[in-house]
Amino acid sequence: MIATAVRRRSRLARRGRWLHAVLIPLAVLWMVPVIMVIGLSLMPSSNPETTLFGILPAQPSFSNYVIVWQQNPILLHAANSLLIAVPSVAIVIVVGSMAAFALARLRVPLRGLIFGTLILALVLPMSGIVVATFKILQALGLYNSLLGLVLAYSALGLPFAIIIIRTSFLAIPYETYEAAVTDGANAWQIFWRVYFPLARPALAVVVIWQVMMSWNDFLLPLVTLSSNELKPLTLVPLAYRGIFLSQPGALFAVLVLISIPVVAVFLLVQRYLVNGLAGAIK
Amino acid sequence: MRTKLRQNITGLLFLLPAVVLFAVFVVYPIVYNMQASTLDWDGVNAGTFVGFDNYVKLFQDPTFLIALRNSAYWIPLTIIPQALIGFLLALALNRGLFASTVYRAIFFIPAILSPVVVGIVWQRIMDPFNGVFTSVGKATGLDWLGGNFLANPQTAIFAVIFVNIWMWTGFSMLFYLAGLQLIDTSVLEAAKIDGAGPLQTTARIIFPLLKSTHLSLLLLGIIGSLKTFELVYVLTQGGPAHASEMLPTYAFQQAFQLQSVGYASTISVVLIVIAVASSLSMVRVFGAGFISGDEK
Amino acid sequence: MSLRKIAALTGVAALSISLAACAGGATTGTSGGDANTVTFRSWSPIEQTTKQMVAAFEADNPGTKVDATIFNYPEYLVDLQTRASSNTFPDIVGLQPGALTQQYRSNLLPLQDCAAKTWGADWQNKFYPIGIEQARAGNPAGDQNFYSLPILVQTVNLWANTELFAAAGATIPKTWDELTSTVAQLKGGNAAPFMLPAKDGWLRNAVFLQIANNVNPGLVYKAESGTDSWSNPDLVKALDYWGKLFTDGIAQDGAIGLDAYPSAVNQFEAGNAAMIPLGAWWIQQSDPTKSQADIPPLSQGMSGYEPFLFPTIPGGAADSQFVGGIDVSLGISKDAANPDLACKVLTDWIAGKGGQKLVDTMNDIPAVAGLTPSSFTSKKQETIWNTFVTDWLPQVKYSRYFDDPKVDQAVSDALAAIATGSQTPEQAAAAIQVVSDGANGK
């Protein structure tokens, strides 16, 4: 079964070679702004001149990265970012797929209402809720704590996770569920052993989304964290973003550094997007 | 009866952690905003209760109407191109093509970048005096490239939409890649045996089978459009003269620059109402199965 | 986390939420904290400079600690509002005069006693007059308290790239007609003759206030306070001249879409513009404390720049007027754990050793007269510094700000509307009048 699938894919790939003729120019155009971001991060403050239609700095140098590295305990901030992102991803994955399973396969009263209110959390703009969220964290004694941020991001990320994972649970034939029930499995076993592993493509999307949200947000940590030892990476760029910022090089260098782990997560996780349900169910 | 009850309890237990997190971090901010929307309040000193005055004022506010109009542009003009290009990219990159991983990463990276960086870079690209478009336009004779896209009130919102499409198409691609994994390959094999060409298979079989992916993207797209903030803020600050204002940028300006937290909360509440209403109308159009999970 | 724990947490959460303050309340209380630590939050001075000021203070006062956090202005506003409404207000805060200071007045300690104790009864004479005047802008009638004290002041003015001027044989324009002819003379090269980064509302207003005061000095503030009208022909004329910057080909293409920082100044510093409207703070590009190799050639010792005032307008005042005001002022929280220590920090940064560190970086012009940077990197830099400190700032009479944030917004909207041709100067004046009337309670 798997062997035929692989053979089929390589056959498809061979037939699709002409696609490169479309994809290569498109990818190059797509990358121009990204190259500019990297270019600006390599622009030394001593020479703001540019070349190649303004895309690249005239005299690239790594000086901005050196400055950023010397002025900040980057590794400490990165560790804090990890302590926020990893638990919140774990919570969203487990709690989100549990809820998605309940909404997709279990009997739940007021299912429509629950699903509808989920949407509310998707709508809330961060700047509109930061004051209220701060008060909640204060009331819970989670002010100036990474756990508070983990819980807040988990709550805000859940609706997205539930919607995506539920879609993928619904695509698993209902007969699979019935067969498992007949075999005497309880709800938790069906969820954890059958459904959860099958939702890998959806979980990959959720992981990427949640990493992006918890890794990149800066408003909530800015307001709720007061100790320097707790600050995540995203608060570093703020020091290079003053109102009279004339040389964006250092800012861009930090932001490139921050983006690298997210790209790494994407590269790691995206391979789960190639072997999903096909062939696995029968 | 008893089993039914027990089943209900099992279901609720699965939902409980999510509901708890939700009740704490989502419901209170909404209640807080609703209460603040009835006040004339600067966010710091004691506010005065004004009832529905803020709402009355809001619906006569020309800037609010511009923001509504911009949302109406934004929703179809981002969702459709992003979904279409994302779908085609996903189809192309789901067949084990050489360097698929590299392509996927390239198209997805814009979504990862901080909007601050995206804003500064695209401003440099579209600056009609010395930007990339202008320089390329001069070099190739395509003078229209050097247009005043961000500076012209008639085009500013479309320029931001353009950047948004660049930024988020990779995300739609990711969605469709995940969606394509849910399609049973035997269906496609069967179609091929029946003599369906690749175009027919795509249009008649793959596209309809991705219905739930389309709907998820539509739902997320509508909500994402309504709450668009950072990209607009860094690219145009809602200008020139509010021409590219969106509801969250206007709320931010009112709350923090004009010290009108009450009025800003009113905008947030209206935003929530619009989002819920449009989600509910989606349910009407596409059937209740999408929400309640009774599909299939 | 077990379900029972979660359930317990929910209970606690529900209870605390019902106990927590609701929207709309004014919050009072103590921020508490350690008596030997002072917290400071602001958007300015920049972080690197603030660190030096903190180090200077801590070295002089062993056992004390200053916990400083510096970040971008819009986020700072969010942060300050959150803290004011949750009893976590910092001990020292950066403020702008007028609306921002007034919004937090009830959280702030009057500072005249602190100032008198440190500098003596005639302390006000240490400061430039515009700083003292603006520090109390917007106070309720009869309230003579200083809720914030200026630390940095500035003029708003134009800057020229002297190399481009010399290459074209042009001279610094003093009148509007000279401006238009100079622009014509400088056109055609790769550089913009007059780079106007009009995307930023603050910059539009600063330029407009220079024009308006050159047309009829002081009139614009009367219109703001309601003793004159925005449709006064002189103000319409000022709006009209603002529009001419765009219609007469003075500003570069796409001016209304270009932001000042970083895009426009980046180009100015790269030699792509001959003139730009900024202010005294531009001297910070030549920071003597920085490694000089990191500074672009034009900015080293200010070698390529020259400040000048906005040209006079035909039929207006005979001389260009000085417009400026407070860049940043500092306030102390009413609930500071140790107000005396906070006062010590604040006065040290304004006029003591910390202040010296600030002045050494030439971040902007100090609010008190008599502080001089420890070193200059060029004669030209010293001349420019002295121009600001001894010639310009003592003469500044007109504010670069409006007192009311809504009027400020209305003017910046109107200027954008004129620049894009969607309003005539007359329509714009009428639109501002409506908001102005509202702000004055009419």
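**Close-up views of a predicted three-chain model**

**View 1. Chain A and its order of elements.** Chain A contains twelve helices and two strands, in a model that is predicted throughout. Of the 282 residues in chain A, 61% count as buried. Among the contacts in chain A that have a separation of 6 or more, 72% are made by residues 24 or more positions apart.

**View 2. Surroundings of B:Asn33.** The residue shown, B:Asn33, belongs to helix α1 of chain B, which covers residues 2–36. Its relative accessibility is 5%, and because buried means under 20%, B:Asn33 counts as buried. When neighbours within four places in sequence are set aside, the contacts of B:Asn33 involve two chains, with A:Gly128 and A:Ile129 on the side of chain A and B:Ser265, B:Ser268 and B:Val269 on the side of chain B.

**View 3. Packing of helices α5 and α7 in chain B.** Helix α5 (residues 115–126) and helix α7 (residues 156–180) of chain B pack with their axes 11 Å apart and at an angle of about 125°. The crossing of α5(B) and α7(B) is right-handed. From α5(B), the residues B:Pro115, B:Val118, B:Trp122 and B:Met126 meet B:Ala159, B:Phe162, B:Val163, B:Trp166 and B:Met167 of α7(B). The residues of this contact between α5(B) and α7(B) comprise nine nonpolar, no polar and no charged.

**View 4. Confidence along chain B.** Chain B has a mean pLDDT of 84, with 96% of its residues at 70 or more. Among the elements of chain B, the highest mean pLDDT, 93, is that of helix α3 (residues 62–92), whereas the lowest, 50, is that of helix α14 (residues 289–292). Over residues 291–296 of chain B the pLDDT stays under 50, although the model has 19 contacts beyond four places in sequence for this stretch. Where pLDDT is low, the predicted coordinates should not be read in detail.

**View 5. Position of C:Ala431.** In chain C, C:Ala431 lies in helix α17, made up of residues 425–439. Its relative accessible area is 33%, so C:Ala431 is partly exposed. The C-alpha atom of C:Ala431 is separated by 30 Å from that of C:Gln154, a residue 277 residues apart from C:Ala431 along the chain.

Key
Residues numbered from 1 in each chain as written. Chains lettered and ligands numbered in written order. Predicted model: local features only at pLDDT ≥ 70, side-chain atom pairs only at ≥ 80, totals over all residues. Heavy atoms only, no water. Helix = DSSP H or I, 4+ residues; strand = E, 2+ residues; numbered from the N terminus. Buried < 20%, exposed > 50% of the residue type's maximum accessible area, 1.4 Å probe, protein only. Contact = heavy atoms within 4.5 Å. Axes fitted to C-alpha atoms, helices over the stretch in contact; angles between N-to-C directions. Left-handed = near helix turned anticlockwise from the far one by under 90°. Nonpolar A, V, L, I, M, F, W, Y, C, P; charged D, E, K, R; others polar. pLDDT = per-residue confidence, 0-100.
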